[in-house]
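Please consult the sequence and the structure shown below while reading.

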Amino acid sequence: MRLAIRHTTHYTFSEPVVHALQRLRLTPKETQGQSILDWQMDYENAYAELEHEDQHFNTVSLISVEPGSREVTVTCRGTVETRDSAGVIGRHSGHLPLWSFLGQTKLTKPGVKLRALMRELSDGSDENQQSKLDFLHALSAKIREHVAYRTGTTAVNTTAEEALDAGEGVCQDHTHIFLGAARAADIPARYVSGYLMMNDRIDQEATHAWAEAHIDGLGWVGFDISNGISPDPRYIRVATGRDYREAAPVTGISFGSAEHVLTVNVAVEQQHQQ
């Protein structure tokens with residue numbers, strides 16, 4: 001499947017910016033089942049400082065905001081060819097060892113609520129490949145039972161435990177809960193940020209997030225908890241990390257008293273080849 005993506009991030013500042021830097025993870029990965037045909041990033045009132053590859057093989061672009069600016073726009077566009085791999089990404093790669101994806105973070109650390117949810121499932125400790133897959137699929141379904149998908153109820157710093165306690169959240173929260181439980185069951189797991197082509201619309205207000213777990217004999221396997229499926233050719237992987245903070249599309253710092261309003265528009269559609 002050939003997918004065309006356009007992703008616009010627009011900042012409006014309350015006062016002229018004195019100095020600001022933005023870290024962008026907005027370049028899709030070349031991975032199993034995914035090839036980047038073309039990709040470009042354009043900036044208004046900002047300029048590129050450097051680009052590097054981080055510990056997860058994410059492409060990271062660092063940009064500076066032009067002093068005195070009150071608006072900044074980052075526009076990404078490109079075309080990606082995807083193939084159906086049944087959600088299987090394959091062997092581990094990256095600069096971090098596999099065991100590092102067993103460690104909990106502040107956003108995934110299990111508490112009373114998450115431990116109670118896990119008691120509703122088998123422990124997933126059986127070394128059998130199918131048993132682990134069954135446990136992870138059951139975990140995904142159980143998370144959807146306990147946490148309704150509802151926008152505007154959580155924030156980027158909401159933890160897995162807080163989302164479970166509230167009983168509502170978005171794909172980021174579903175993913176953090178899944179990561180915390182998988183790691184507690186001794187299964188390496190990581191966060192994925194990217195794009196999803198929706199069947200009922202082109203324009204969206206956010207990127208998407210899902211999880212990958214490492215299964216012996218298969219490698220990394222994807223789980224979209226919010227939709228209850230494994231990623232298919234409609235999904236585009238952009239960045240991975242131990243939690244949202246390591247895979248966030250845009251993070252930044254600014255100096256001065258200016259506050260900002262962020263708006264995002266994402267459009268993903270299939271291109272039909274001639």
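The second largest pocket has a volume of about 320 Å³. Of its 18 lining residues, Lys29, Glu30, Thr31, Phe57 and Ser93 are the closest to its centre. The model is predicted: local features need pLDDT of at least 70 and side-chain atom pairs count only at pLDDT 80 or more, while totals for chains, interfaces and linings use all residues. Residues are numbered from 1 along each chain as its sequence is written, and side-chain values use heavy atoms, with hydrogens and water left out.

**Pockets**

- A pocket is an open set of points, on a 1 Å grid over the protein atoms alone, where a 1.4 Å probe fits, with protein on both sides within 12 Å along at least five of seven lines; lining residues have an atom within 4 Å of a point.
- A volume is the space filled by probe spheres set on the points, which are joined across faces, edges and corners.
- The lining of the second largest pocket comprises 4 nonpolar, 8 polar and 6 charged residues; Ala, Val, Leu, Ile, Met, Phe, Trp, Tyr, Cys and Pro count as nonpolar, Asp, Glu, Lys and Arg as charged, and the others, Gly among them, as polar.
- The largest pocket has a volume of about 1300 Å³, and 45 residues line it, with Val156, Gln172, Glu205, Ala206 and Thr207 nearest its centre.
- In the largest pocket, 21 lining residues are nonpolar, 19 polar and 5 charged.
- Strand S15 (residues 250-255) supplies the largest share of that lining, 5 residues; strands (E, at least two residues) and helices (H or I, at least four) are DSSP runs, numbered from the N terminus.

**Sheet**

- An open sheet is formed by 5 strands in the order S7-S13-S12-S10-S14, with antiparallel pairing; two strands pair if DSSP finds at least two bridges between them.
- Strand S7 (88-90) and strand S14 (235-241) are the edge strands, each pairing on one side only.
- Strand S10 (residues 189-196) pairs with S14 in the antiparallel sense over 6 bridges, and Ser193 has Ala239 in S14 as its bridge partner.

**Gln172**

- Gln172, one of the residues nearest the centre of the largest pocket, is found in helix H4 (residues 171-184).
- Gln172 counts as buried because its relative accessibility is 9%, where buried means under 20% relative accessible area (1.4 Å probe, protein chains only).
- Not counting residues up to four places away in sequence, Gln172 touches Ala155, Val156, Tyr191, Ala209 and Tyr244; contact means heavy atoms within 4.5 Å.

How values were computed: Buried means under 20% relative accessible area, exposed over 50%, partly exposed in between (1.4 Å probe, protein chains only).
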